[in-house]
Amino acid sequence: MTLLLLPLSFPLFFLAYILYQKLRFKLPPGPRPWPIVGNLYDVKPVRFRCYAEWAQQYGPIISVWFGSTLNVVISNSELAKEVLKEKDQQMADRHRSRSAAKFSREGQDLIWADYGPHYVKVRKVCTLELFSPKRLEALRPIREDEVTAMVESIFKDCTHPDKIGKSLLVKSYLGAVAFNNITRLAFGKRFVNSEGVIDEQGKEFKAIVANGLKLGGSLAMAEHIPWLRWFFPLEEEAFAKHGERRDRLTRAIMEEHTAARLKTGGTKQHFVDALLTLQKQYDLSDDTVIGLLWDMITAGMDTTAISVEWAMAELIKNPRVQEKAQQELDTVIGYERVLIEPDFSNLPYLQSVAKEALRLHPPTPLMLPHKANTNVKVGGYDIPKGSNVHVNVWAVARDPPHGKTRWSLDLSGSLKRMWI
Ligand code: HEM
């Protein structure tokens with residue numbers, strides 16, 4: 001009899017929990033949650049569009065339940081400022097899924113770290129050391145070199161007799177430039193030679209990235225419903241193997257850099273050199289150094305490729321904008337040389353194109369989830385400790401500043417309105 005009652009106890013427990021949260025706190029409005037699953041089955045793809053639609057119905061701050069986890073979604077700039085600026089420290093923890101917890105060794109990196117002394121220290125390393133204007137300038141030749149290599153490879157492919165008149169997959173060139181750029185910045189390595197052939201270390205690197213994505217993508221439902229985790233245990237062995245493989249490759253690269261430093265007596269500017277030489281000064285564990293290097297890879301590769309791909313797509317859809325950008329390049333750069341980074345300040349139209357593409361198509365539309373480390377009030381509503389907080393920057397960027405007329409969601413319309 002007790003066993004028969006067991007399945008009933010889960011929905012009852014869930015309902016009691018939601019009721020308790022609702023009575024104790026003034027939670028933001030939102031779609032009605034179902035027992036056990038909450039709103040998991042109400043969320044339609046694409047998630048940020050679905051949240052933006054709900055924001056039209058319920059307002060700029062909404063509650064969405066994933067199982068028994070409360071997610072608060074913010075959709076206007078005033079509330080985004082409250083979350084990310086005014087009350088930032090109260091909502092700067094991270095929700096780590098079981099796989100994110102494994103990958104980051106419980107937040108020993110930066111991306112998945114909770115707010116606290118470790119986070120403050122690692123942010124300081126990034127701001128003062130890795131992304132200092134001096135280092136970024138020292139690494140400029142890598143970025144310019146990679147972009148030039150990409151343009152040359154596009155030219156070569158366009159003019160190849162077999163390919164003349166055929167379409168090109170821009171995404172593959174952007175993926176390659178982002179990959180080479182970030183592996184060179186972080187690891188000081190170009191795994192791919194000028195013929196496009198990838199070496200053994202590069203193959204291993206790509207395999208680790210692919211395996212990480214596969215492992216990270218599994219177990220989604222069990223993440224949100226704690227008792228389901230009994231039935232879907234984490235593949236401990238697969239995660240352990242993945243971690244060992246990643247560490248082995250990273251340590252091998254770190255050792256190569258240490259050996260080169262000892263041999264030449266000079267320190268290069270790549271992130272791996274910076275972190276190894278600063279390791280003692282900032283008291284960084286090996287896990288943190290490895291975690292930071294992989295943070296840069298995961299955070300800096302797809303984001304940049306996706307941004308440029310969208311900008312190119314918008315330019316193709318808006319020939320007049322493309323023409324104006326081209327005119328500006330012809331006037332400022334001319335035909336005798338290639339563009340270099342210091343030219344950007346003389347290319348305001350190109351900068352607007354980039355900003356507008358990022359506004360319309362942010363590659364991280366819901367940012368990374370923040371987590372409340374205490375009970376906090378936002379927009380007059382309670383956000384209980386432990387809730388996830390998402391800022392829908394896709395919706396915020398399409399929300400008119402200070403309540404003026406809504407920008408058109410028709411992308412070509414909005415581009416035309418802004419510049420033509
Ligand atoms: C268009 C390009 C990029 C976009 C749109 C983007 C967007 C973001 C967003 C939304 C966050 C989360 C911020 C938050 O939770 O408050 C983030 C965090 C982060 N990004 Fe990027 N990113 C880009 C490029 C890069 C690149 C190139 C790198 C490194 C080389 C990078 C490294 C990081 C790191 C380390 C964090 C964690 C920071 C923290 O938790 O304090 N990102 N990025």
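A crossing is left-handed if the near helix is turned anticlockwise from the far one by less than a right angle, and right-handed if clockwise. Helices here are DSSP runs (H or I, at least four residues), numbered from the N terminus. You're looking at a predicted model, where local features need pLDDT of at least 70, side-chain atom pairs count only at pLDDT 80 or more, and totals for chains, interfaces and linings use all residues. Residue numbers start from 1 along each chain as its sequence is written.

Start by selecting 170-187 and 302-317, helices H8 and H14. Their crossing is right-handed. Now show Val-170, Lys-171, Leu-174, Gly-175 and Ala-178 on H8, with Thr-304, Ala-305, Val-308, Glu-309 and Met-312 on H14: these make the contact (C-beta atoms, placed from the backbone, within 7 Å).

Next, pick 286-300, which is H13, a helix of 15 residues reaching 21 Å from first C-alpha to last. Its buried residues include Trp-294 and Asp-295 (buried means 20 or more other C-beta atoms within 10 Å of the residue's own, C-beta atoms being placed from the backbone). Among the elements covering the buried residues of H13 are H5 (117-130), H8, H11 (236-264) and H12 (271-278).

Last stop: the ligand. It is surrounded by 16 residues, the closest being Ala-299, Gly-300, Thr-303, Met-367 and Leu-368 (the cut-off is a C-beta atom, placed from the backbone, within 6 Å). H13 and H14 each give two or more residues to this shell, and H13 supplies the largest share, four residues.

Key
Axes fitted to C-alpha atoms, helices over the stretch in contact; angles between N-to-C directions. Contact = placed C-beta atoms within 7 Å. Expected span 1.5 Å × (residues − 1). Buried ≥ 20, exposed ≤ 12 C-beta atoms within 10 Å, placed from the backbone.
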